[in-house]
Amino acid sequence: MNIKVRVWRQSGPSDKGRMVTYDVKDISPDASFLEMIDVLNETLILGGDDPIAFDHDCREGICGACSMVINGVAHGPEKATTTCQLHMRHFKDGDVIDVEPWRAAAFPVIKDLVVDRTAFDLIIQAGGYISASTGTAPDAHAAPVPKKDADAAFEAATCIGCGACVAACPNGSSMLFTAAKITHLGLMPQGQPERDSRVIDMLQAQDDAGFGGCTNMGECTEVCPKGIPLSLIGRLNSDYRKAIAKS
Amino acid sequence: MTNTDFWTEGEPVVDKAAPDGPIETRWERRKFAAKLVNPANRRKLTVIVVGTGLAGGSAAATLAEQGYHVKSYCYQDSPRRAHSIAAQGGINAAKNYRNDGDSVYRLFYDTVKGGDFRARESNVYRLAQESVNIIDQAVAQGVPFAREYGGLLDNRSFGGTQVSRTFYARGQTGQQLLLGAYQALERQIGLGNVEMNTRHEMLELIIVDGKARGIVVRDMITGEITTEFADAVVLASGGYGNVFFLSTNAKGCNVTASWRAHRKGALFANPCYTQIHPTCIPESGSHQSKLTLMSESLRNDGRVWVPKAQKDTRKAADIPEDERDYYLERIYPAFGNLVPRDIASRAAKNVCDEGRGVGPGGLGVYLDFADAIKRLGQKAVEAKYGNLFEMYQRITGDDPYETPMRIYPAVHYTMGGLWVDYDLQSTIPGLFVVGEANFSDHGANRLGASALMQGLADGYFVLPNTINNYLASGPFPKVTAASAEVVEARRQVEDQIEKFLSIDGDRTVDSFHRELGHIMWEYCGMERTEEGLTKAIGLIRALKEEFWTRVKVPGKGEELNQNLEKAGRVADFIELGELMCIDALHRRESCGGHFRAESQTPDGEALRHDDEFGYAAAWEYFGADGKPTLHKEELEFEYVHPSTRSYK
């Protein structure tokens, strides 16, 4: 396949940035989107140009590092698929593809397609855990967990922290990310003692980190590579109201 | 003492930290004998932890909980992205919840045997003991393991064992366990007990007065080089599978932290022991940047086969039952599709070498779920393996519910690593090594679901109970940036960066990495020979020379420069690759993941030579162009007596 990509180039946080067009020739439909960028970068380097900086690591859809807005959609056109798992067979010969970084106030651009997502760690720091220091645990079978709850907790816990939800949200809100963690821990019996403080502290942290408010647009769940449902935000809001009423 | 063209032999290396006496109480006695640090003194002691995977994340969190001041470093943008996150299948623990005859002793036995009698008994026994505590700890953190309808934990079986002791969270066990450790770590960061440094890469170890006292790091965003000090340094920087370029490792996984410590005197043990995982998605073309694993747990229900005839190009569905060869079930009736990884991989290579492989280039075998779907129903298969099937379909475009998966072996894990004693301390005092980065527990082959177990055992339970013995003699004299050793370490890093940027050659870093990978896969992969290894050493030396004269690294040092990062890693991989070939050449036997064609039984199984090679090979660095020195650690088998590993 021969395609054109229009890529966001920004040399650093203070650079204004611009879209630059590149030709990419002879790409196999079996190549992944990132492998296509690899091929382009090899050409750029040998031609004396600066290669495109982008985040990526596991390339199997689980680490959450890759983060490209492709043709205006976070992680591109395939449903429930990270950028690294998107393959060129989903594009056509001659396509012109736009590639941009996550854009959100809380995720400033570092260079080209690389953004700073430290703000997600700050939300977890504020309460996205169960306080159980090493060595304090009772036997694993001490507290059975109904299979239904364990399965639902697992589904919420599959969030990879990539930030597509924030990039897709017109408000730059991190509610789906936060709701996934609130749901995961809130469904487990171990998570009950800190349930109220957790939701209050995590919501405060997301406001402090500069994420926008949630207005239930639902764009987040549309782009989520793990299919985290919008209903979890309802659960978070319910937990929050109860916690505030008690405090 | 031998002195060959490629290496010289030095004094033996001895593990002085392990107690002797009954194996059941060794760990208890070691913990009791270890010196303790008064809680009030712990906060005056700083520990650097490099890497935030299962081993590093759990170690940093636990040390901080104990009251030490911890400085943590990772190259990713968040500690949650360490490659442990990609582990799929599960984690072993000797809980015996199935009442199927499991015990600490059996897990110990299986691991020593599975490692082909090249692991240290004391370490493995301790690993089996701690396995049960890991499950308790993870459950307390809220890790959502798979459960049965009664609310209790579910188990499955895995290759190389006949009991069901693997705990799992669908096909994302590594993710869930890592998030547990990550959340514990973030809690400690929030409490101010851990200073977290993301997007920072360790480029040198600082040794002062013979002790590990810090590291030189590069801030990967600004390019700033800084020197960081501590009372002890812990490397949890993972394995070196990316020396093969194509592997199931994440793209960023590298050997640099370990290798720079090796260059400073830490012995590197058993580098040739690499695990080739039997169930990965085959390559699709020259653009291939990594390989994707399909969890070994798939072999519980999937049946592996190839056509009986050579060059059979019919579709799988068109090949009748009696023209299929379920070769694992045929050759290994007792274990069938659940034979250990090394055996399954080589069997796949053998049938492909016979011309019976399937798919493009004949480099693939079928993993077929048709019988499982018939027996259990599609829903049950989906519940167990749904995400893996989806992943397969996304990458290949084929639907495994309809047509069998095509799989081929790929480099997955490295059993070798920095040599450590029972306390997980390397040959440099104050330098500890945990998780895949060390060499200690898996011998020549790791069993499935044992990597998560080892990483977490090291980080949660072992290191936090041994490092105190060392730290009890601290705090050590203050080190400053002006100390001669620190200035020198920093200069080495700066010189190397300057060198990379000044060569301005005509080949990219990746092109060298790919070429190294081809050499390693061809000559130091699933089957090794004296002739091939000797040739590989020559090729790697030529590649090294070419790399240092022709590599092109664009950009500057004082910016985000991903090719500069890669250049440093590839330079280290090239040196490591040479040592791996030398290690493989010197070990004239077959064991575990190391198969020497010259050493096999008449029916093609691995043939060990315990009298001659019943030791761990720990190598000392003697310059990029010098000959490494071999230090042998003799292995004693008091409990599990070496026998021919048979899974027939």
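These legends describe close-up views of a predicted model.

**View 1. The two domains of chain A.**

**View 2. Where domain 1 of chain A meets domain 2 of chain A.** Domain 1 of chain A brings 18 residues to this contact, and domain 2 of chain A brings 18 residues. On the domain 1 side, eleven of the residues are nonpolar, six are polar and one is charged.

**View 3. The contact between chain A and chain B.** Chain A contributes 65 residues here, and chain B contributes 62 residues. On the chain B side, six helices each supply at least two residues: α3 (54–66), α5 (121–140), α6 (173–190), α11 (378–396), α12 (451–471) and α16 (562–586). The largest share comes from α6(B), with nine residues. By residue class, the chain B side holds 21 nonpolar, 25 polar and 16 charged residues.

**View 4. The fold of chain B.** Chain B has 17 helices and 20 strands. The radius of gyration of chain B is 24 Å, close to the 26 Å that the globule rule gives for 648 residues, so chain B is as compact as a globular protein of that length. Along the principal axes, the C-alpha atoms of chain B fill a box of roughly 75 × 60 × 50 Å.

**View 5. Inside chain B.** Of the 648 residues in chain B, 61% count as buried. Among contacts in chain B with a separation of 6 or more, 74% join residues 24 or more positions apart.

Note on methods. Residues numbered from 1 in each chain as written. Chains lettered and ligands numbered in written order. Predicted model: local features only at pLDDT ≥ 70, side-chain atom pairs only at ≥ 80, totals over all residues. Contact = placed C-beta atoms within 7 Å. Nonpolar A, V, L, I, M, F, W, Y, C, P; charged D, E, K, R; others polar. Helix = DSSP H or I, 4+ residues; strand = E, 2+ residues; numbered from the N terminus. Rg over C-alpha atoms; globule rule 2.2 N^0.38 Å. Buried ≥ 20, exposed ≤ 12 C-beta atoms within 10 Å, placed from the backbone.
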